[in-house]
Amino acid sequence: MRELKPVDKLIDEFEAHLLLEKGLSSNTNMAYCKDVRHLAEFLYEKKLSLEVLNLDDLHEFLTTLHEIGIAPRSQARMISGIKSFFNFLRLEGYIEESPAEFLETPQLPRDLPDVLSVEEIDAMIAAIPVEKNESLRNHAIIETLYGSGLRVSELVDARISRLDLKEKLMIVEGKGSKERLVPVSPVAATLIEEWLQQRSLMDVKPEGNDIIFLNRRGRPLTRVMIFHIIKELAALAGIKKNVSPHTLRHSFATHLLEGGANLRAIQEMLGHESISTTELYLHLDRSRLRRELLDHHPHYVKF
């Protein structure tokens, strides 16, 4: 058997193999290489090497993808790329057997909400009726859901006192009352600032004093209202998919992953770890998370 090279060198050889021998499209080649790099990140985090990697480890990798909201269709694509990589290593004599040989592709249930493309999200934003009083608010809601990967419950409870527009950061309370710090995109920050100016002219009820997004009567929006806003805009944009606020969260994670963002950073931004308030300020690398978004999220603008 040939001696295994560093993973990055093997990926370079794999890319050349795809280009010269497989005849796949350039988009597929790029996607397969990104998929293998995500696996390499996972191996590094787990302190695993290709020599000892087994099927159980690959299942753990797929579980990680599921936990951060990557749709089964995208998972299936990634499995195809990973299988192709290990088949390449076997053909080139680097390994005797592929650990991915019996890795099963997840089923694709028809009723699962699809991930939206960037173009579809832009179409929803373009479909917002400009003449309505709530147009600015709704635009800010979409950019916040998609730009920060919030759950709908986190959005409706988002508070002015926990928002720092200058630093473009927000503290939200997720499942199990766990708090986390999330970056706010420059576009969302501008829209929220404009919305807060409009909000200051409203008759805000006591229960809405510290809540960012309010209905026209000055009270906090409900989850049902957010669902209605998202579904109505999807219909106006001509999108036939089953769209909900969670679809924007799935899209946030999927677009970051497909853009090359680090799995660990995506997990932190989605709040899939127990991050207490103290840990939030002691251990969360805000500059690194912001860089992941600036480099890999379609709606973030580089400054």
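K168 lies in the loop between β1 and β2. The phi of K168 is near 55 degrees, a positive value in a residue other than glycine. K168 is partly exposed, with a relative accessible area of 27%. Buried means under 20% relative accessible area, exposed over 50%, and partly exposed in between (1.4 Å probe, protein chains only).

The model is predicted: local features need pLDDT of at least 70, side-chain atom pairs count only at pLDDT 80 or more, and totals for chains, interfaces and linings use all residues. Residues are numbered from 1 along each chain as its sequence is written, and side-chain values use heavy atoms, leaving out hydrogens and water.

Now the overall picture. The protein has 13 helices and three strands. Of its 303 residues, 48% are buried. Take the contacts (heavy atoms within 4.5 Å) between residues at least 6 apart in sequence: 65% of them join residues at least 24 apart.

The sheet comes next. Its three strands run in the order β1-β2-β3, the sheet is open, and the pairing is antiparallel. The edge strands are β1 (163-164) and β3 (179-183), each pairing on one side only. Strands pair if DSSP finds at least two bridges between them. β1 and β2 (residues 169-173) share two bridges. In that pair, D164 stands opposite L169 of β2. β2 and β3 are joined, also in the antiparallel sense, over five bridges. There E173 faces E179 of β3. The hairpin of β2 and β3 has five residues between the strands. Within this hairpin, G176 takes a positive phi near 70 degrees.

β3 is mostly covered, with five of its five residues buried. Both of its faces are covered. E179, L181 and P183 lie on one side, R180 and V182 on the other.

The interior follows. A nonpolar core is a set of buried Ala, Val, Leu, Ile, Met, Phe, Trp, Tyr and Cys residues joined through side-chain atoms within 4.5 Å. The largest one has 83 residues. Those with the most contacts inside it are F61, F86, L89, M170, I212, F213 and I226. Helix α4 (residues 72-91) gives the largest share of this core, seven residues. Leaving aside neighbours within four places in sequence, I212 touches A158, R159, I160, L163, M170, I192, W195, L196 and R199.

Then there is the largest pocket, with a volume of about 310 Å³. A pocket is an open set of points on a 1 Å grid over the protein atoms alone where a 1.4 Å probe fits, with protein on both sides within 12 Å along at least five of seven lines; lining residues have an atom within 4 Å of a point. Points are joined across faces, edges and corners, and the volume is the space filled by probe spheres set on them. Of the 17 lining residues, E134, R137, R216, H228 and I229 are closest to the centre. α6 (135-148) and α9 (223-236) each supply at least two lining residues. The largest share, six residues, comes from α9. By class, the lining has seven nonpolar, four polar and six charged residues. Asp, Glu, Lys and Arg count as charged; Ala, Val, Leu, Ile, Met, Phe, Trp, Tyr, Cys and Pro as nonpolar; the others, Gly among them, as polar.

One more backbone detail remains. K47 is not a glycine, yet its phi is positive, about 55 degrees. K47 sits in the loop between α2 (26-46) and α3 (55-67). At 75% relative accessibility, K47 counts as exposed.

Conventions
Helix = DSSP H or I, 4+ residues; strand = E, 2+ residues; numbered from the N terminus.
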